[in-house]
Every structure is written in C-alpha cells, then in structure tokens.
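Have a look at the structure first, and then we'll start from a single residue.

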Amino acid sequence: MSHSLNSTKDVVQGVYDYYLWTLSLSDNRTKGWFLVDSPAPVLALIYLYLLIVYLGPKIMKDRKPFKLNAILVPYNIAMALLNLWICIRLFIASFHLKYSYICEPCRLSYHPYELQVVDAVWWFYFSKLLEFCDTFFFILRKKSDQLSFLHFYHHSTMFFFWWIGIKWVPAGSTFLPAMGNSLIHVLMYTYYGLSVLGPKVAKFLWWKKYLTIIQMIQFATGLALGINGIFIGCEFPLWMHYTLILYMISFIVLFGKFYTTAYIQKYKDYRETQKTAKND
C-alpha cells in the first residue's frame, strides 16, 4: 500500500514538474497579461461554457424563444469590426517585418511591430472567448439546428488552443492563421448580422455555403503549413506543428461532414424530389 502511494506521488510530482518546465518555456512578452499566465481560468470558462450548453436547452425547453435583434445586430457588427481591426494590424506588422508566409520563427523580439503582432494575437485569442456568445444566442433563440457537436467543439477548443498560442508562440508563424481566421470572421459576422434583418435581406445571402468552403480551404492550408514546417525543419516548436496538423484534420473531417449534409445531400434530395414530381 505504501509503495503504491509513493508511486502515485512520484507520478503526480513528475507531471507537476513537467508542467513547471513547460511554463519556463513560455513567452516572456505575454507574462501577466489577462487570461494568459495560468490555464485554470481558461479551463474554468470552458467548463462553464459547456455547462451552459448542456443546461441551456433544458431551461429553454418550455419557454418561448427570445427575440434578440436589438442585441444581435450591434454584436455582429462589433465582432466583424474587431476581427477586421485584428486582421489589418497583423497584416501591417507582418508586412513591415517581412514575415514569411511559409515559415517564420517565433523570436523573442521587442521591436514595436513584433509587439503589435503579439498584441493583435492576444486580441484574437480574447475574441474566441467573446464568440461563446454565439452559442448563448442560439440557445436563447431556440435555434436547435445550429447547436451541433461541430459548433461546441469549434468554440470550446479554439479558445484553449489559442491560449496555448498566446502563452508560448504569440508571434512568428502564429500570425498567419490568426490573420486568415480573423478575415474569414469578418465575412462570417457580416453574414450573421445581415441574416438577422429578415426575409427581405435573406434572399441576398446566397453565399453562405461559400463561407464553409473558404473555412475548409483555411483548414487545408493550415494542414499543409504544419506538414511543410516539419519537412523543411521550420524553426518553430515541433509540438506546435503536430498539434496544428491533428487539429486541422479534425476540422476538415467535421466541416466536410457538415458541408456534405447541409449542401451536397440537400441538393441531391432536391433533385430527387424534382424528378419524382415530373414523373407524377
């Protein structure tokens, strides 16, 4: 019994020592920044998010959906503008620093434009927390068709993975996925904002499926960059390359399944219905 307790204690101590070692490798430029130093508040917020995801629909089950147009329009405009601001700041800073779009090492530099990249990446990370509101609005409006596993997985994991990014690699090649994703979110939140305005505007929103295609192109590009980074020996944490590859594969699978169900299968069903109607 005593030997077993000692072995458990050694394992726990080893894990804790490894955790402290990883913290020693974190980027000094973001130490002390809001929601950066410790994973505890990040994990607590994700847990709270998932708890609301679980309990919210149950609480709303026998209630009427809320009409939130007065909140949704300014929220979506604000999110689109925030992402545009992040994208522009990253583009300007990376342009002046002559960042490579293939491989850019994360160097501990305090150059003003490097700090601009770090600051913009933090705001991008923080925007992932703000995006939890997307889910809460779906729950309050009883949009159950939007509350898929893909939706929950995307929101909860993005916040945690970008905590890893801002803690250990807040610059270098990290700028590219942040810049690309923020640009896509400009389009996405513009779409969401317009869709709230009703049927008169909805007929002009035929381009929704192309947002999904653009997102899948983004994931495929991220996958290619991760694989290429390993092969060319990019001076960037190797574990980040492998993490990026696995994460992008998960998104390609999930978004690919969503696209097939939402568009390809729906189109096939529509064609089949049309063919049956003609035969009748």
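Setting aside neighbours within four places in sequence, Leu90 is in contact (heavy atoms within 4.5 Å) with Val117, Ala120, Val121, Phe175, Ala178 and Met179. This is a predicted model, where local features need pLDDT of at least 70, side-chain atom pairs count only at pLDDT 80 or more, and totals for chains, interfaces and linings use all residues. Residues are numbered from 1 along each chain as its sequence is written, and side-chain values use heavy atoms, with hydrogens and water left out.

Leu90 also turns up in the largest nonpolar core, which has 53 residues; Leu90, Val117, Tyr125, Phe159, Trp162, Phe175 and Phe251 touch the most other members. A nonpolar core here is a set of buried Ala, Val, Leu, Ile, Met, Phe, Trp, Tyr and Cys residues joined through side-chain atoms within 4.5 Å, and buried means under 20% relative accessible area (1.4 Å probe, protein chains only). Helix 6 gives the largest share of this core, ten residues. There's a second, separate core of nine residues, with Met79, Phe137, Met188 and Tyr189 among them.

Now for a helix pair. Helices are DSSP runs (H or I, at least four residues), numbered from the N terminus.

| Helix | Residues | Residues that meet the other helix |
|---|---|---|
| Helix 4 | 112-130 | Val117, Phe124, Lys128 |
| Helix 7 | 175-195 | Phe175, Ala178, Asn181, Ser182, His185 |

By class, this contact has four nonpolar, three polar and one charged residues. The helix 4 and helix 7 axes are 10 Å apart, at an angle of about 50 degrees.

Conventions. Axes fitted to C-alpha atoms, helices over the stretch in contact; angles between N-to-C directions. Helix = DSSP H or I, 4+ residues; strand = E, 2+ residues; numbered from the N terminus. Nonpolar A, V, L, I, M, F, W, Y, C, P; charged D, E, K, R; others polar. Buried < 20%, exposed > 50% of the residue type's maximum accessible area, 1.4 Å probe, protein only.
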